[in-house]
Amino acid sequence: MLKNIIFDLGGVIYDIRYENIADTFASFGFPHFTEHYTQAAQSDAIDLFEEGKITVPEFRSYIRSIAPTPLTDQQIDDAWNAILIDVPHARVDMLKELKKRFNIYLFSNTNQLNCDKFKVKLREKFGYDIFDELFISAYFSHEMHMRKPLPEAFQFVLDNEKLNPSETLFIDDTHRHIEGAKTVGLNTYLLPKGEDITEMKWLAEWE
């Protein structure tokens, strides 16, 4: 019986576009940023940033160390936050309905720059903190100092919430994160590209 659902954020609840980061950096005179960051892979320094193990100033220094042209703090921040698109109202409505039937949680690989930006944007849009209101708990990698797909990161969430993995579904749009979740016994659903979470195809086998 399904009792708990853990959602990824970017690409599942929050529309994002990885290419926007590289496109914006290119407009600032820093082409080929995809050599350092894509959905499939990223540099060690970006991993550390997502784990909260380097600060925002240290991250900016890293970007400047690989950039072929001088960049201001604002340019770096603007490029990094360009990934963020929107959370449609329909997905928030879906989460409100799911709360009536399941315990729902969030587990996101993110970083301080993006998190600070999207929390403000979403509070302005919806008028409240959706992370506090819609989820029992929201886990962000930079606060946990662990990130997907590490098994210990998933185990931390399970242990902290006292969840039985056999009663818990994890939904993500990245294959390596799904594989990490499976190692701790979680049920999983890999959201296909082009499928909206509100289509509820992932719920069919549980009904």
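**Cavities, pocket and selected residues**

Tutor: Lining the second largest cavity are Lys119, Leu122, Arg123, Tyr128, Asp129, Ile130 and Phe131. Keep in mind that this is a predicted model.

Student: Which elements give two or more residues to that lining?

Tutor: Those elements are α6 and α7 (130-134). The largest share comes from α6, with 3 residues.

Student: And what volume does the second largest cavity have?

Tutor: About 30 Å³.

Student: How do the residues of its lining divide by class?

Tutor: There are 4 nonpolar and 3 charged residues, and no polar ones.

Student: Asp129 is on that list. Where is its place in the chain?

Tutor: Asp129 sits in the loop between α6 and α7.

Student: Buried or exposed?

Tutor: Asp129 counts as buried, because its relative accessibility is 17% and the cut-off for buried is under 20%.

Student: What lies 2.9 Å from a polar atom of its side chain?

Tutor: The backbone nitrogen of Phe131. Phe131 also belongs to the lining of the second largest cavity.

Student: How many cavities of 30 Å³ or more does a search of the whole structure find?

Tutor: The search finds 2.

Student: Switching to pockets. What is the volume of the largest one?

Tutor: About 510 Å³. Its lining has 23 residues, and Gly11, Ile16, Gln39, Asp173 and Lys193 lie nearest its centre.

Student: What happens just after the helix?

Tutor: Gly29 follows, with a positive phi of about 95 degrees.

Student: Further on, where is Glu35?

Tutor: Glu35 is in the loop between α1 and α2 (44-50). Its relative accessibility is 64%, so Glu35 counts as exposed.

Student: How far apart in space are Glu35 and Trp202?

Tutor: They are 33 Å apart, C-alpha to C-alpha, and 167 residues apart in sequence.

Student: Now Tyr14. Buried or exposed?

Tutor: Tyr14 is buried, with a relative accessible area of 1%. Its place is in the loop between β1 and β2.

Student: What does Tyr14 touch, not counting residues up to four places away in sequence?

Tutor: Tyr14 touches Leu9, Leu84, Ile85, Asp86, Val87, Arg91, Phe118, Lys121 and Leu122. Leu84 is 70 residues from Tyr14 along the chain, yet their C-alpha atoms are separated by 7.7 Å. Leu122, for its part, also lines the second largest cavity.

Student: What about Asn4, buried or exposed?

Tutor: Asn4 is buried, with a relative accessible area of 5%. It is found in strand β1 (residues 4-7).

Student: Which side chain does the side chain of Asn4 join in a polar contact?

Tutor: That of Thr168, at 3.0 Å. Leaving aside neighbours within four places in sequence, Asn4 is in contact with Asn103, Tyr105, Leu163, Asn164, Glu167, Thr168 and Leu169.

Student: Last one, Lys100. Where is its place?

Tutor: Lys100 is in the loop between α5 (89-98) and β4 (103-108).

Student: Why does Lys100 count as exposed?

Tutor: Because its relative accessible area is 63%, and exposed means over 50%. The Lys100 side chain also makes a polar contact of 3.0 Å with the side chain of Glu97.

Technical notes
Residues numbered from 1 in each chain as written. Predicted model: local features only at pLDDT ≥ 70, side-chain atom pairs only at ≥ 80, totals over all residues. Heavy atoms only, no water. Helix = DSSP H or I, 4+ residues; strand = E, 2+ residues; numbered from the N terminus. 1 Å grid on protein atoms, 1.4 Å probe; cavity = no way out; pocket = protein on both sides within 12 Å on 5 of 7 lines; lining within 4 Å. Points joined across faces, edges and corners; volume = space filled by probe spheres on them. Buried < 20%, exposed > 50% of the residue type's maximum accessible area, 1.4 Å probe, protein only. Polar contact = N/O pair within 3.5 Å; in protein donor to acceptor, adjacent residues only side chain to side chain. Contact = heavy atoms within 4.5 Å. Nonpolar A, V, L, I, M, F, W, Y, C, P; charged D, E, K, R; others polar.
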